[in-house]
Amino acid sequence: MERNGSASTSISTLFLDRVGEVAVTLDPDGLSWKPIDCESSGSSCLCMNYRLKTENRIEFSNVYAVELIDWGLIEDANRNSGSFFSGNKFEMYRFVVHGFHRGKTHGSPWTLCEYTFGHKDMHICQSWVERLIASTSTDAVRPKSLLVFVHPLCGKGNGVNTWETVAPIFSHAKVRTEVTVTQRAGHAFDCISSLSHRELSSFDGIVAVGGDGLFNEVLNGLLSSRHDAPYPPSPQELDNKSDKNCQHLNNDISRAVESNGLGISKCTTNNGPCDADEDVKVSFPNDWFRLGLIPAGSTDAIVISTTGTRDPVTSALHIILGKKMSLDIAQVVRWKTSPSSTEVPSVRYAASFAGYGFYGDVIKESEGYRWMGPKRYDFAGTVAFLKHRSYEAKVTFLKTEEQETSNIASDIQTSQLFQKNSKNVVCRANCSICNDFKNAAQYSADVAVSPIHSQDSRWLEYTGRFLSVGAAIISCRNERAPKGLVAEAHLADGFLHLILIKDCPHPLYLWHLINLKRGSNPFDFTFVEHHKTPAFTFVSAHNESVWNVDGEILQACQVSVQVCRGLINLFASGPEV
């Protein structure tokens with residue numbers, strides 16, 4: 001039986017597995033149902049018992065798939081026995097509504113649920129499937145085809161098991177997946193970098209099943225030959241005080257902002273737009289291609305910072321639902337591996353963090369203890385802490401308007417524009433700061449080409465001994481630091497957070513690390529410098545330590561780092577409140 005409740009509501013009588021005959025109501029926001037005997041018996045104890053034991057509604061925003069599964073058994077619960085696991089079974093045509101329940105608290109994982117409905121008439125089932133699919137089709141563009149890379153040895157070695165857990169979710173949602181289980185370090189990089197533009201454009205995105213290291217490998221394979229942007233200034237360029245060089249640096253930064261700030265897809269070569277008869281070129285940033293990360297690593301800082309939870313099912317659902325958010329990426333240019341080297345500059349990209357000194361020592365020490373799993377970082381961190389090594393270095397960073405003290409009216413207006421970007425505003429889903437691309441890009445351009453200040457005054461230099469030099473692109477939340485390295489870091493505001501830990505006594509550094517663990521302010525020390533900046537350079541007269549770039553080792557004694565705002569899109573929506 002089917003009837004219309006109103007112009008936008010329809011009601012049918014169907015069978016619900018393990019419940020029995022129900023009146024199903026389709027309204028603009030969701031699907032609800034009620035047992036027929038509840039409708040006839042009013043507020044009986046039976047109906048109250050039913051409501052306590054099972055859900056009776058699902059919102060369309062929580063539905064990820066609807067499937068027609070043809071002829072089969074539907075169980076009618078025997079409520080007289082008080083059990084929902086025994087009753088009569090009937091054969092009929094069936095369809096399944098696949099959904100999930102959102103966590104009731106911040107950081108709670110999403111849990112899967114499914115409801116199997118049935119009817120003797122196949123056409124009625126087909127009609128319901130069509131209407132439900134139409135109702136769950138939102139403005140979000142859900143992926144149809146994905147390239148998936150699985151790291152079998154990541155974290156505790158659960159990469160393959162993690163994928164097997166979430167693979168049925170993609171199958172239910174009719175998302176085609178081409179899966180590669182990586183066999184060696186660099187496997188994903190080689191596969192992605194060798195794809196032609198046409199091959200890459202046949203996918204809606206790439207998914208990494210692993211940790212931050214695999215995501216970094218995927219990221220670099222994707223961008224290594226597809227991101228055309230000028231390098232940030234080298235340390236030597238900053239040392240050159242000529243007006244000609246200053247103008248050159250200004251222009252470089254301006255072009256970088258134009259290329260990376262707006263998230264607009266462009267088909268370009270190094271010399272300009274592609275000709276009409278050239279092969280389609282996939283370049284970044286663009287508005288359609290997205291990356292996804294299903295956590296199976298040791299820290300999974302990127303997933304926790306972008307979804308609020310470290311849960312494979314939750315991340316898989318973000319991907320299937322077509323969630324999209326922009327993510328800042330740091331371009332790390334290595335000018336020299338050692339003080340005496342003369343190699344050609346090389347580029348690496350980082351999505352979460354790049355650090356030298358303590359952070360590099362930890363990742364280098366941990367490489368010999370991979371058999372320990374995630375605990376190797378605790379062990380390596382303890383070893384690095386006990387050694388307490390400091391390194392002579394020079395760090396030069398581009399100051400932002402928040403650090404300027406000029407009284408010129410135009411500077412005051414620009415500063416007021418960014419007063420809302422308070423460091424106390426924590427990044428969340430639908431973050432207004434991260435979504436404010438236009439104003440931020442204009443601000444960055446004004447900073448880069450402002451004729452008011454000389455180029456020398458735009459850069460601030462620190463020279464001395466440092467326990468660590470770190471740059472956080474995102475908050476880097478993880479289980480060891482629940483609020484992250486920088487709690488107020490945003491996902492797509494065009495800035496990184498430069499953290500300079502100057503040489504200090506052992507107990508004070510321990511206090512700093514304890515504050516990170518406890519979620520207290522880790523910067524409230526005289527030996528800690530924290531600066532919000534779009535770019536910085538680093539020079540060391542030795543190669544005693546290494547750089548930790550998203551958990552991967554980079555040997556370099558001279559680097560330049562700049563932020564590419566919103567360079568990639570991620571299958572995520574930001575941590576929910």
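A: Axes here are lines fitted to C-alpha atoms, for helices over the stretch in contact, and angles run from 0 to 180 degrees between N-to-C directions. Helices are DSSP runs (H or I, at least four residues), numbered from the N terminus. The model is predicted, with local features needing pLDDT of at least 70 and side-chain atom pairs counting only at pLDDT 80 or more, while totals for chains, interfaces and linings use all residues. Residues are numbered from 1 along each chain as its sequence is written, and side-chain values use heavy atoms, with hydrogens and water left out.

Helix 12 (residues 358–366) and helix 13 (residues 375–387) have axes that come within 8 Å and cross at roughly 130°. That angle makes helix 12 oblique to helix 13, where angles under 35 degrees count as roughly parallel, over 145 as roughly antiparallel, 65 to 115 as roughly perpendicular and the rest as oblique. The crossing of helix 12 with helix 13 is right-handed, that is, the near helix is turned clockwise from the far one by less than a right angle.

On the helix 12 side, the contact (heavy atoms within 4.5 Å) is made by Phe358, Asp361, Val362, Ile363, Glu365 and Ser366, and helix 13 contributes Arg376, Tyr377, Ala380, Gly381, Val383, Ala384, Phe385 and Lys387. By class, this contact of helix 12 with helix 13 has eight nonpolar, two polar and four charged residues; Ala, Val, Leu, Ile, Met, Phe, Trp, Tyr, Cys and Pro count as nonpolar, Asp, Glu, Lys and Arg as charged, and the others, Gly among them, as polar.

For comparison, helix 4 (residues 159–172) and helix 11 (residues 312–320) have axes that come within 10 Å and cross at roughly 35°, and their crossing is right-handed.

Methods. Helices (H or I, at least four residues) and strands (E, at least two) are DSSP runs, numbered from the N terminus.
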